Amino acid sequence: MKKLLLIPFMLLGICQLEAQIIITGVMYDPKGPDAPAQGSTYTAPSTTEPAKDSEGNIYIYKGGYEYVQFMATENIDFSTTNYSVVVCRQPGGTTPSVDNGWASGGNRTFKFNLTSGTVTKGSYFYVGGPEKRLGGFTYETNSGVTTAYPTLDISASNWIRTIAYSGVSGTDAGDGFGASTTALIANSGNPSGVAVFAGTSVTEASVPLDAIFITSANPASSGSIGTVYVPENGSIPAKGYRVPNNDRYSQTNGADAQPFFGMGTNTYGFVYQQYTPFSLPTDQANFLMLGGKYNETTQTWDTPRAASYVTLVPTADEEGANFGTLDMTEGTGATTLPVSLVSFTAKNQTSGVVLNWVTASEQNNKQFTLLRSMDGKQFTAIGSVFGNGTTQNTSNYNFIDANP
C-alpha cells in the first residue's frame with residue numbers, strides 16, 4: 001500500500017518541477033541610452049561633458065539596463081537545480097535564419113545560465129544587464145546644466161544572473177551563445193521573446209518551461225510573425241521558436257501539432273508600446289508588467305496573463321528620481337499565486353492515510369479538492385476542505401483518506 005501511495009506523489013512532484021519559474025515582466029525600453037559599452041562614459045546630449053551621477057561623479061557605464069522579471073512557484077536553489085533564460089530578438093525588420101530556434105545565437109538569441117543563488121516560492125527575481133536600475137537613465141536640467149541621475153537602485157533585489165551584454169570583449173557574450181548587443185529586447189515594434197528552460201543545455205529541439213513574445217500587434221500580425229517562423233517546405237522542416245503549453249500558447253490545435261510561435265493559434269504577442277516624445281531628456285522608461293493568476297497545484301493559469309504598461313516617470317526628490325518598486329511587484333495587474341503552499345505530507349496510520357498541508361498565504365481561496373491516483377495520470381476526487389478565503393497568515397489543513 002505504501003508503494004501505491006508514494007508513486008502518485010513522486011509523479012506529481014516531477015510534473016511540478018516543470019513549472020517552477022514563470023515570466024512576470026520585462027524592462028523592454030529603459031529611459032535614456034542602452035548602447036554604451038561597459039566601462040565607457042556617456043555624454044549628455046546638451047553638453048560635451050560626460051554625464052555625472054547625483055553626487056557629481058562621472059557615470060561609468062556597466063553594460064546594460066534591460067532585464068526580465070520572474071517569479072518562482074517553488075523554492076529553488078540554482079546551484080543544485082540549474083535553469084537558463086534565452087532572449088530572442090529580430091531587429092530591423094529583417095528575416096534572419098531561425099534554423100536553431102532559441103539556440104540560434106549570434107545577434108538573434110542571447111542566453112543566461114542560472115547556476116547560483118536561491119529564490120523562495122512566490123518571490124520575484126531578475127536576470128539581465130548589470131546596471132540594476134529600475135528604469136535606466138534619467139536627465140534633469142537645471143539652469144541649462146544637464147545632469148544624469150541613475151534611477152532608483154534595485155541592486156538589493158534578487159538578481160540571479162547579469163551579463164554586460166553591451167560590454168567589453170570577453171564579458172559581453174552570452175552563456176554558451178549570444179553576441180554582444182546594444183539591446184536585449186527589440187523596442188521598435190519588431191518581435192522579441194523570452195523563454196526559460198530547465199537545465200543549461202538549449203538546442204533547437206528544446207521546449208521552454210515558459211515563454212512570452214512581444215510584438216507590434218496583438219494578436220501579432222502576419223508581417224511580424226513572418227520574421228520568426230518559417231513554415232515547412234517540402235522536405236525542409238518548419239523552423240522557429242518552440243513554445244510551451246501555457247496561458248497563451250498551445251502545442252496542439254485540435255489534432256494538429258503546432259510547436260512554434262507563429263504557427264496555428266500561437267500568434268499571441270503582448271503589444272509593444274512606445275511612448276513619445278522619444279528624445280532626451282523627456283523619454284520615459286517602459287516596463288511590461290504581466291498579470292494573471294498561476295495555480296502551482298494544477299500548473300495552469302486560473303487567469304491568463306495580461307499586459308499592464310508601467311510608465312516609469314521620475315519625480316524629483318533629494319536623490320534625483322523616485323519611481324517606486326511597488327508598481328512592478330505588488331500593484332494592480334501583477335502576477336499572483338492564489339495559494340502559496342509551504343508543505344504537503346502523507347502518513348499511513350491505522351485510521352487511513354493522514355494528509356497535512358500548510359499554506360503561507362491565500363487569495364480568494366474557497367476550498368481545496370483532494371484527488372487520488374493509482375498511476376499519476378488519472379485522478380479521482382475523494383473529498384474537499386474549505387479554504388480561508390484571503391489571508392496572509394499561515395494556515396494548517398488536514399484530511400484523512402479512510403480507504404486508500
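A residue counts as buried when its relative accessible area is under 20%. Keep that cut-off in mind as you click through this predicted model.

**Stop 1: Thr359**

Select Thr359, which sits in strand S23, residues 352-373. Is Thr359 buried or exposed? Its relative accessible area is 0%, so Thr359 is buried. Now show its surroundings. Leaving aside residues up to four places away in sequence, Thr359 touches Val339, Ser340, Leu341 and Val342, and also Phe368, Asn393, Thr394, Ser395 and Tyr397.

**Stop 2: strand S5 and its sheet**

Next, select residues 109-114, which make up strand S5. This strand belongs to an open sheet of 5 strands, in the order S5-S4-S11-S12-S17, with mixed pairing. Which strands stand at the edges? They are S5 and S17 (270-271); each has a single partner strand, so one side of each is left without a neighbour in the sheet.

**Stop 3: two residues of S5**

Go back to S5 and select Thr109. With a relative accessible area of 0%, Thr109 is buried. Show its side chain and look for two polar partners. A polar atom of that side chain lies 3.0 Å from the backbone oxygen of Trp102, and the backbone nitrogen of Gly105 lies 2.6 Å from a polar atom of the Thr109 side chain. Beyond four places in sequence, the residues that Thr109 touches include Val86, Cys88, Phe177 and Tyr241.

Now move along S5 to Lys111. What does the side chain of Lys111 reach? It reaches the backbone oxygen of Thr200, at 2.9 Å. Try the distance tool as well: the C-alpha atoms of Lys111 and Val86 are 4.4 Å apart, although these residues are 25 apart in sequence. Among the other residues that Lys111 touches are Ser84, Ile163, Asp175 and Val202.

**Stop 4**

In soluble globular proteins, nonpolar side chains tend to be buried together. To see this idea here, select Val26, Phe70, Phe78, Trp102, Phe125 and Val194. Of the 49 residues in the largest nonpolar core, these touch the most other members. Several strands each supply at least two residues of this core, including S1 (21-29), S2 (67-72), S5 and S18 (285-290). Which strand gives the most to this core? That is S4, with 5 residues.

Zoom in on Phe70: its contacts beyond four places in sequence include Ile21, Ile23, Val85, Phe125, Val127 and Val196. Then select Ala19, Leu134, Ile154 and Val310, which are among the 17 residues of a second, separate core.

**Stop 5**

Most residues other than glycine have a negative phi. Your last two selections go the other way.

Select Lys132, in the loop between strand S7 (124-128) and strand S8 (137-142). Its phi is near 55°, a positive value. Lys132 is partly exposed, at 24% relative accessibility.

Finally, select Gln299, in the loop between strand S19 (293-295) and strand S20 (300-303). Gln299 has a positive phi near 60°, and its relative accessible area of 25% makes it partly exposed.

Methods
Residues numbered from 1 in each chain as written. Predicted model: local features only at pLDDT ≥ 70, side-chain atom pairs only at ≥ 80, totals over all residues. Heavy atoms only, no water. Helix = DSSP H or I, 4+ residues; strand = E, 2+ residues; numbered from the N terminus. Buried < 20%, exposed > 50% of the residue type's maximum accessible area, 1.4 Å probe, protein only. Contact = heavy atoms within 4.5 Å. Polar contact = N/O pair within 3.5 Å; in protein donor to acceptor, adjacent residues only side chain to side chain. Pairing = 2+ DSSP bridges. Core = buried A, V, L, I, M, F, W, Y, C linked by side-chain atoms within 4.5 Å.
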